[in-house]
Amino acid sequence: MTAIRTTCPYCGVGCGALVTPDGQGAATVKGDPDHPANFGRLCSKGTALGETLGLEERILTPLVDGAPATWDAALDLAADRFATAMRDHGPDSVAFYLSGQMLTEDYYAANKLIKGYIGTANVDTNSRLCMASSVAGHKRAFGADTVPGTYDDLDQADLVVLVGSNLAWCHPVLYQRLVAAKKARGTKVVVVDPRRTATCDIADLHLALAPGSDAALFNAVLVALADRGGVDDAYVAQHVSGFDAALAAARASDPAMTVLSEADLATFLDWFTATDRVVTVYSQGINQSSSGTDKVNAILNCHLASGRIGRPGSGPFSVTGQPNAMGGREVGGLANMLACHLDIENPAHRAAVQGFWNSPAMPDRPGLKAVEMFDAVAAGRIKALWIIHTNPAVSMPDANAVAAAIKGCDFVVVSDITRTDTTRLADVILPATAWGEKSGTVTNSDRTISRQRPFLPAPGQARDDWRMIADVAARMGWGDAFGWADAGAVFAEYAALSGVAGDLGRDFDISGLAQADYDALPPTRWPVSAKKQGGRFFGQGGFFTPDQRARMLPITPRLPVARTAPRYPFRLNTGRVRDQWHTMTRTALSPRLNQHIAEPFVEIHPDDAAALGLEPATLARVTSPQGAAILRVAITDRVQRGQVFAPMHWTADTAPTGRVDALVAPVTDPVSGQPESKASIVSVTALQPAWYGFAVSTGPQTPNATYWARARHAGGWRSELAGMQLPADWEAYARALFNLPDATCLSVEDRVRGTHRLALMQGGRTLAALFAAPDPVQLVRGHIAAQVGQAGAALLAGRPGAGVADPGPTVCACLNVGLNTITLAIAAQSLTTVDQIGAALQAGTSCGSCRPELAALLAQRLEAAE
C-alpha cells in the first residue's frame, strides 16, 4: 500500500512519519526523509508507533455512569448539564481542561465554544504544566508568544547552551542534530542542569548548579556581556528598552547562589561572551519553577543585550514537550489568551474575535489556570467540567487532591481513547479517534505546521474531538456557528481569523493558508501571509509591543519556595525516561519500549543512600507534605547529595504506588501559573518488605501486593512485586495473581534461602511463573519473559541454560540490542567508539538516544582495563 505522510504524536519536535498500513489494522512506521524537522530520523518511541495501534485498550462506545450509551444520550446529557450550570450558576461555573495532544482544529473548536458561546475563559491545558512560563516570558519581552528561531540554528551555532533540558532523552532527534553539528563544525555544548543526564555525554561543560538558581547564572552572563564589550549597543539603542534596569538588577544578584566553582563559571562566561553564534535551548528545568518566568526573561535579557536573536545560529529557543503545545498556544488554549496570539485583556482584540465569530459572549478577563481550576473544582465553584485527552488525576501536582476534586465535581465529561485514572472519575466518557484515525494539524517547536493524516478507519463509535464539540454546541443552540463539514473547514476558519490578528499587528498570521489545499498541505513554518513568510523573528527588531521595542526586565533570582528541613531533607526533581511518554497510555502498549526501564524509581546519591541504609534495587518510601510513593532505589552520582530524581509516568494501572506527581506541591509561578514540579521537598526511608517478587505471564495479571509495577512484554505481561506480609499459601497467591485456578502448578521452594518459584501450566505449556525471595529477585528477566508460553518449565531456572545466549537488559530499544550483547562485542572486537559499536551491532544507529549509554559502557570498559 502507499505510504501516508503524517506527523509523530509524541514530543514537540514534530517529526514527519511515513506510515504504510497493512490493511489489517497494523502499519509500519518510518521517518519521513523530506520533513524539515527530522529528515527521516525517528526516536525509539516514534519507531515503535506501529506497536501501539491495537484496540484492546480502546474506549469504543460512549459511557454514561459506566454503562454503554448512545451518542445522542451522552451528548444530550452533556449539553443539558453545561446549560444548567450556566443558567443556575453563571458561565464561570463551567470549565474545559484540554491537552497538547489535541489537534489544532479540535483546540480551536473547544476555545470557540467556551469563550465565544459559553462565555467564560475557564479553559486551560496541560501545556500549563510544561510551557506556560516560556509563554509569559516571551510576552513580557517580545509583546507576543513568539519563538524567534528555527531548528536550523542548531546546525549553525558555535555554542549551544542546554538549560534544564535532557535533550538526549526528551527530544532525541534534535539531540542527534546537535551531535551531527558538533561533529561537523566543532560546536561547543554546555549543559546547565543539577543532574547529570544522558545529554551530558556531548557536553564540553556541565554546570551542575543549585536547583532554581538559573536566573542568577544568566544575570552573571548579562554582567559579563556588559563588562567585556559583548553588548550590541546599536541593537539595544534601536530595538530594546529596559537595559539599564536589567543590568542593575543583574549586578545586584550573587552568582554564588549557583554553587558553581569559580573555574566552571569563568569558563562559561568566557565562552558565552566571546562566541558570536549562541543558541540557548531551554525546557522544563526552566519552566517548571515558581520563578520560571523570571528565569526565561533572564535568558532573553542576555540574547537581547547581545543582539544574538533572529540571526542564523543565534537566539533563545524553547523546546516543547507535546506534539501540539504550540498549536494550543496559537488557538488561545490557555486561560489568559485569545485565539491567534490575541490578548484577552485587550478590548480591541476581544471585539475582533467576537465580531469574527459573531458570538453572543466574550470574557473580559483571564480564566482559571490549571492549579486554580482544580482548586475551584474542589471548592465546588466549577459545576461542570470537560476534560479532553489528558490525565490530570495523575499528571497534575498534588495529584491525589486533584483526583478527589474531579470525583467530587457535580458533572464531569472526559473525552479520551483509553481508560485512565481520570476517565474512572467521569460521569460521561466520550470515545475519541486516535493518532492514525484523525485528520488535522499540529505545530512544532520551531513554528512548523504539519498535517496529521488518517491511515486507519475510526474504530467502534469513536468520533473526532472537533465533531463532539460541535455536536454539543449544536445541542446548546449554536449549531450554525459550528457547522463545519470536516477538519479542513475548521482550519480554514482558523486561518482566516489569523488574518484579523495580522491586521491588528500580531505575529501569528497564517491567512495565506485559508484557501490552501488542506489535504496536500506540506510542512509550513508560520507566518504565512502577504506580510511575512516563515523565517526568523527579531533580527531587525520589529517586536510586538506598542512601540515595537523589546523589553529587558530586572530579574531578582529566587530559590524554590519550599525549603528542606529535617522532616523533609531532600529536594525532588521530576522528569521523564527515554522510552516512555507522559502517563504511558500509548508507549506502554509497546513491549520493546517497556524493556529499557519497566518500573518507577528514585535516584539517590551514594552518600545519602548509605546514610539511610538503602541498598541497590530495594524499595524506598518517598514522602512529601502532599503524599507518598514507593519507588525502586537507584543509587547513582548522577544526582547531587540532598537531591533525588523520580520520573512521572506511572499510574494506577501500571504502578499505583508510583504516582510521583502525588508528591509534588501545588506551588506556582505568580506570573505564568506554571507549577514548580522540580523542587518539592521529600523524605526518603527504606521500605522493609517481607518478600520481593517477579511475575511473568501470557495473560493479564491482578497483583495484590504492597508494591507492584506491571508492563507488557512481547508474549504477555511482567510485574515487579513486593509485600509487607508473606502469603499464607504461595500456590493460592499465584493462581489468584494470574487468574489460572485450574492450571497445573509446579513449585520449587528453598527453605534455607526463603525463595519460591512457581510455574502454572496447561497442555504442557507454561502460562505464568512467579519468583519470590526475601531480597530483590535476581533473574534474567528478558530470558524468562521470552520463555513464557513455551513448552516445559525450564524457565524456573531463572537464567538461560548452557550455550544459550543472554542478550541482557535492552539498551537500544529501536533495534533491540541488549547490554550483554554490547559488552561482549566491546571485549571480543576491541571496540573503542560508539560508532564502532554501531557498525558491529547497529546499536545507536537509529534514533541515537542510547548513544550516551553506549559511551558509558565504553568508559566502564576502559576504567576496568586500567
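**Figure 1. The buried residues of helix α7.** Buried in α7 are P172, V173, L174, Y175, Q176, R177, L178, V179 and A181. Buried means under 20% relative accessible area, exposed over 50%, partly exposed in between (1.4 Å probe, protein chains only). The model is predicted: local features need pLDDT of at least 70, side-chain atom pairs count only at pLDDT 80 or more, and totals for chains, interfaces and linings use all residues. Residues are numbered from 1 along each chain as its sequence is written, and side-chain values use heavy atoms, with hydrogens and water left out. Helices (H or I, at least four residues) and strands (E, at least two) are DSSP runs, numbered from the N terminus. Just after α7, G186 has a positive phi of about 75°.

**Figure 2. Helix α8, mostly covered**. Helix α8 spans residues 214-227. Its 14 residues reach 20 Å from first C-alpha to last, close to the 20 Å expected. Twelve of the 14 are buried. Among them are F218, N219, V221 and L225. G229 follows α8, with a positive phi near 75°.

**Figure 3. A cis peptide bond at P527**. The bond from W526 to P527 is cis, with omega near 5°. P527 sits in the loop between β19 (524-525) and β20 (550-551). Most residues other than glycine have a negative phi, and most peptide bonds are trans.

**Figure 4. Positive phi at D398 and M584**. D398 is not a glycine, yet its phi is near 50°. D398 lies in the loop between α17 (392-395) and α18 (399-408). Its relative accessible area is 18%, so D398 counts as buried. Phi of M584, also a residue other than glycine, is near 65°. M584 belongs to the loop between β21 (570-575) and β22 (601-604). M584 is buried because its relative accessibility is 7%.

**Figure 5. The whole protein, for context.** The protein has 26 helices and 34 strands. Of its 866 residues, 63% are buried. The C-alpha atoms fill a box of roughly 80 × 70 × 60 Å along the principal axes.

Key. Expected span 1.5 Å × (residues − 1).
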